[in-house]
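The sequence and structure come first.

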Amino acid sequence: MTTFATDTATVFSRELRPVLRDPFSVIFSMLQPLLFLALFAPLLPDTDGGSALQWFVPGIVVMSCLFGTSATGSNLLFEIQTGSHERMLVSPLSRPALIVGRALKEIVPMFAQAVLIVLVTIPFGFELHVGGALVALAILALFCVGLGSLSYTLALAARNTEWMFWAVQQTLLFPLLLLAGILLPIDEAPEWLRVASHLNPLTYVVDAERALFNGELVSATVGYGLLAAAAVGVLGLWIGTKAIRRASA
Amino acid sequence: MTSTMIRTSGLTRHFTVKKRTVEAVRGLDLTVDEGELVALLGPNGAGKSTTLRMLTTLLRPTSGTAEVAGRDVTRDPRGVRARIGYIGQGNGAGHSQRARDELLSQGRAYGMTVAAARARADELVGSLDLGAVADRVVSSLSGGQRRRLDIAMGLIHAPELLFLDEPSTGLDPQNRANLAEHVRRLRAEQGTTMVLTTHYLEEADQLAERVVVIDHGRVIADDTPARLKAAHAGDRITLEFDHEQEAERAEARALGIAEGAQTERTGTRLEIRIDGGARLTPKLLRGFDEAHIPVASVEVARPTLDDVFLNLTGRSLREESAGAGTQERAA
Ligand SMILES: Nc1ncnc2c1ncn2[C@@H]1O[C@H](COP(=O)(O)OP(=O)(O)O)[C@@H](O)[C@H]1O
Ligand SMILES: [Mg+2]
């Protein structure tokens, strides 16, 4: 007999397999963040902390996770249309496992992309603090799982209307990205922008990533980031689980 | 001893589309015993898929009950799922997956160990002739290969009850014959109970021992193909004449010879429907000869399930399925 844990493992490894068989797909989805890195980083002035990369790279790591993970629902959308999602719904797999397993898989490409970004930037002066970076990625993983689950929820809601999925995803993605201060700092932004930024959970995650990647392990910033990421993770999974239960009624 | 595999009572499903209620399945009462091979036959939109989707726990019934493999579909959906196999209208394998990988994860989903799933996958790859493509990505497979993979996935856990929704759609004649062969073998060797839907008359006729004819969400007939034909449709004798008025005289004469025959005349052609038409034809021809009505040609056709459907509904299944192709939904 299967359990929630074994079902989740089944779904997780099914999702992961194409990625492992074709690792190049991971790189493909991070072309855009790498492009931003190449075009933006030279524009930023170096700070007293050191290279501008120290500020910019953690943001790009988050961005790369954001791009890949927010689009991941399109895989499910496709499987809803072809019939392979239906085939899994007829199997005894636990309903929550169908979402949780998929969402957990997002951690793997996120991690691979982060490692790649760091490796690419070290020769250009990015200074790596391994301990901090690992904690940073653990926090980002929580966020990633929640975001992935939300992306799958969007796919379940969009069902046969593919354009709807992309319209919502694109509409939410860029404001989220800009308001979190990933590309440009928002310290000197007008009041309303700063308020909006404070309402964005991603802002706290990005701030925490910056602190951690700079080796600052224990601080309020890190605490808030952890809290925000965990909240997104839990809330995302909860919403996703509800959505798949309802969709299969 | 045979036990009941499926028992539905008043099974009903409504959909609401743009504030209008579509009664897709209306009060279906169906009993299927262990080992039966049943075809649900009906035109597009008859409610076949909706019925199957309720029986496989994909859709909740609006009302009524269904017990499948001894479990209630609403109260114990997981119990039902663990005992059945389902090959849907679409393709079950993920496009970015490799065929064999999908077989393995399907086995895992049904609680098989990795070793058992692997052994069973090898077996199915062999018997469904998938060896050449098993390690390829699904998106590179042809339609027929994908369909065979679907079948392999549906069989991985050797279910005692298997549902197939339009299994032969998109298959060329050769693959269709292969599929039929596989279904027969499964039935003979494993005693698997099977319920399949189709809008192909020949398929229902050749494959199933029992045909349930569905129209507008209701069962309108339920029997073996032979008995359905015997009860609902006679042989069809088609006669051609050189002149219209010969056909006219022949019709009157035929009605005198063959009691209870139904005739239909169009121009120089006369169509007679009657039971035992093949035996009657020589007698008819002698009668025409005596009345000096020269017959240009004669053809005797055994009844088809289409004749049954025509008799029951006044519509032809053939025309409907040809015309309604666009209505078909993946749902
Ligand atoms: N998800 C759905 N939403 C709305 N209407 C549906 C849905 N699924 C099926 N229907 C309608 O129910 C009827 C029966 O459909 P279906 O069971 O797919 O027929 P069949 O499989 O016999 O072709 C059709 O009128 C169809 O349009
Ligand atoms: Mg159908």
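## Helices 4 and 8 of chain A

In chain A, A:L53, A:V57, A:I60, A:V61, A:S64 and A:C65 of helix 4 touch A:M110, A:Q113, A:A114, A:I117 and A:T121 of helix 8, where contact means heavy atoms within 4.5 Å. These residues comprise eight nonpolar, three polar and no charged (Ala, Val, Leu, Ile, Met, Phe, Trp, Tyr, Cys and Pro count as nonpolar, Asp, Glu, Lys and Arg as charged, and the others, Gly among them, as polar).

This is a predicted model, in which local features need pLDDT of at least 70 and side-chain atom pairs pLDDT 80 or more, while totals for chains, interfaces and linings use all residues. Residues are numbered from 1 along each chain as its sequence is written, chains are lettered from A and ligands numbered from 1 in the order written, and side-chain values use heavy atoms, with hydrogens and water left out.

Helix 4 (residues 53-70) and helix 8 (residues 107-121) of chain A pack at about 155 degrees with axes 9 Å apart. Axes are lines fitted to C-alpha atoms, for helices over the stretch in contact, and angles run from 0 to 180 degrees between N-to-C directions; helices are DSSP runs (H or I, at least four residues) numbered from the N terminus. Helix 4 and helix 8 of chain A are therefore roughly antiparallel (over 145 degrees; under 35 is roughly parallel, 65 to 115 roughly perpendicular, the rest oblique). Their crossing is right-handed (near helix turned clockwise from the far one by less than a right angle; anticlockwise is left-handed).

## Helix pairs in chain B

Helix 3 (residues 99-109) and helix 5 (residues 143-155) of chain B pack at about 20 degrees, axes 9 Å apart, and this makes helix 3 of chain B roughly parallel to helix 5 of chain B. Their crossing is right-handed. B:A99, B:E102, B:L103 and B:Q106 of helix 3 meet B:L149, B:A152 and B:M153 of helix 5.

Helix 8 (residues 225-232) and helix 11 (residues 305-313) of chain B pack at about 45 degrees, axes 9 Å apart. Helix 8 and helix 11 of chain B are therefore oblique, and they cross in a left-handed sense.

## Contact between chains

Chain B contributes 29 residues and chain A 23. The two chains bury about 2,500 Å² between them, 50% of it on carbon and sulfur atoms (accessible area, 1.4 Å probe, lost on being put together, summed over both). B:L58, B:R78 and B:R81 supply 23% of the area that chain B buries against chain A, more than any other three residues.

Five salt bridges link chain B and chain A (a side-chain nitrogen of Lys or Arg within 4 Å of a carboxyl oxygen of Asp or Glu). B:E102 and A:R14 form a salt bridge at 2.8 Å, N to O.

Conventions: Helices (H or I, at least four residues) and strands (E, at least two) are DSSP runs, numbered from the N terminus.
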